[in-house]
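Morning, everyone. I have one structure to walk through today. Please have a look at it first.

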Amino acid sequence: MAVFVALGAFLMTLFGGWMAQRVTDRRHLVLGVAGGLMLGAAGLDLLPEAMAAAGHEVFGVPQALLLFVGGFLVAHLVERMLAARHAAHGAYVGTRDGAGNSHDHRAPRVGMAVAAAMVGHSLMDGIAIGAAFQAGGGMGVTVALAVISHDFADGFNTYTVTSIYGNDRRKALAMLVAAALAPVAGAASATVFTLPPELLGSYLGFFAGVLVYLAAAEILPEAHHRHPAHSTLLCTVGAVAFIWLVTGVAE
């Protein structure tokens with residue numbers, strides 16, 4: 001049953017990626033939506049779940065928040081390291097000149113690394129579905145609805161992030177398909193083992209930090225630099241509100 005329900009997440013992820021492809025002529029709006037979805041998912045969905053599962057304090061700070069900051073810093077360090085490596089080999093990566101103008105050429109490996117992290121997150125979604133069905137049918141349906149609802153954002157963001165870092169369409173589609181298959185694989189694996197809640201909460205806190213970094217430091221600045229229009233801001237706010245709505249309905 002869990003695997004069957006996870007097929008809904010598979011289809012919703014593909015639909016999100018398809019939508020990201022269809023609006024490429026409005027790239028600034030796509031980036032505005034992607035940034036909003038990331039912020040909403042991190043702050044309104046992932047972090048609260050992480051706090052509930054891994055909220056015990058370490059030197060006065062909840063473990064989930066420590067991992068949230070750790071995820072932010074790791075994402076920053078990985079991007080800087082890859083950017084420096086590409087620059088050393090003569091590749092031109094995303095930078096800003098003295099006038100504040102951004103350059104389009106980015107390190108493709110950053111996009112692939114981020115997409116891989118999103119695939120991992122989708123895998124954890126599937127594991128959550130399987131674990132919830134182990135706890136009971138009602139719990140399984142509730143978690144499945146929540147996962148399926150926000151997998152649209154996962155598919156949208158996976159394709160968008162892979163593309164904006166300079167990867168070709170073939171690679172972006174490959175990562176999208178991987179993200180779509182991951183919940184099914186996760187749900188199937190959950191029939192074999194159960195993930196400890198604290199470990200799941202720790203992972204969610206870490207991944208939330210990664211998403212916030214990408215949204216705040218990369219995607220939203222790029223969206224508003226190209227087209228500093230009110231429509232871009234409205235797309236970002238609307239995407240955050242969408243995640244809020246989905247989270248509220250799921251609860």
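Let's start inside. Set aside the neighbours within four places in sequence, and Asn-157 is in contact with Ala-34, Leu-37, Met-38 and Met-118. Contact here means heavy atoms within 4.5 Å. Asn-157 sits in helix H5, residues 137-164. Helices are DSSP runs of H or I with at least four residues, strands are runs of E with at least two, and both are numbered from the N terminus. Asn-157 counts as buried because its relative accessibility is 4%. The cut-offs: buried is under 20% relative accessible area, exposed is over 50%, and partly exposed lies in between, with a 1.4 Å probe and protein chains only.

Some ground rules. This is a predicted model: local features need pLDDT of at least 70, side-chain atom pairs count only at pLDDT 80 or more, and totals for chains, interfaces and linings use all residues. Residues are numbered from 1 along each chain as its sequence is written, and side-chain values use heavy atoms, with hydrogens and water left out.

How confident is the predictor? pLDDT is its confidence in each residue, from 0 to 100. The protein chain averages 77, and 77% of the residues score at least 70. Among the elements, H5 has the lowest mean pLDDT, 72, while strand S2, residues 61-62, has the highest, 91. Over residues 89-105 the pLDDT is below 50, yet this stretch has 28 contacts in the model beyond near neighbours in sequence. Where pLDDT is low, the predicted coordinates should not be read in detail.

Now the overall layout. The protein chain has eight helices and two strands. Along the sequence the pattern reads α-α-β-β-α-α-α-α-α-α. Of the 251 residues, 45% count as buried. Take the contacts with a separation of 6 or more: residues 24 or more positions apart account for 80% of them.

Next, Ile-219. This residue is in helix H7. Is Ile-219 buried or exposed? Buried, because its relative accessibility is 2%. Ile-219 and His-28 are 191 residues apart along the chain, but their C-alpha atoms are separated by 9.5 Å.

On to aromatic rings. Rings of Phe, Tyr and Trp (its six-membered ring) pair if their centres lie within 6.5 Å; planes under 30 degrees apart are stacked, over 60 edge-to-face, the rest tilted. That rule gives two aromatic pairs. Phe-15 and Trp-18 have ring centres 6.0 Å apart and planes at 20 degrees, so this pair is stacked. They are three residues apart in helix H1, residues 2-22, so about one helical turn separates them. Phe-15 is partly exposed at 39% relative accessible area, and Trp-18 is partly exposed at 42%.

The other pair is Phe-72 with Tyr-213, edge-to-face, at 5.1 Å centre to centre and 90 degrees between the planes. Here distant parts of the chain are linked: Phe-72 is in helix H3, residues 63-88, and Tyr-213 is in helix H7, residues 197-226, 141 residues apart. Phe-72 is partly exposed, with 30% relative accessible area. Tyr-213 is buried, at 5%.

That's the tour. Questions, please.

Conventions. pLDDT is the predictor's confidence in each residue, from 0 to 100.
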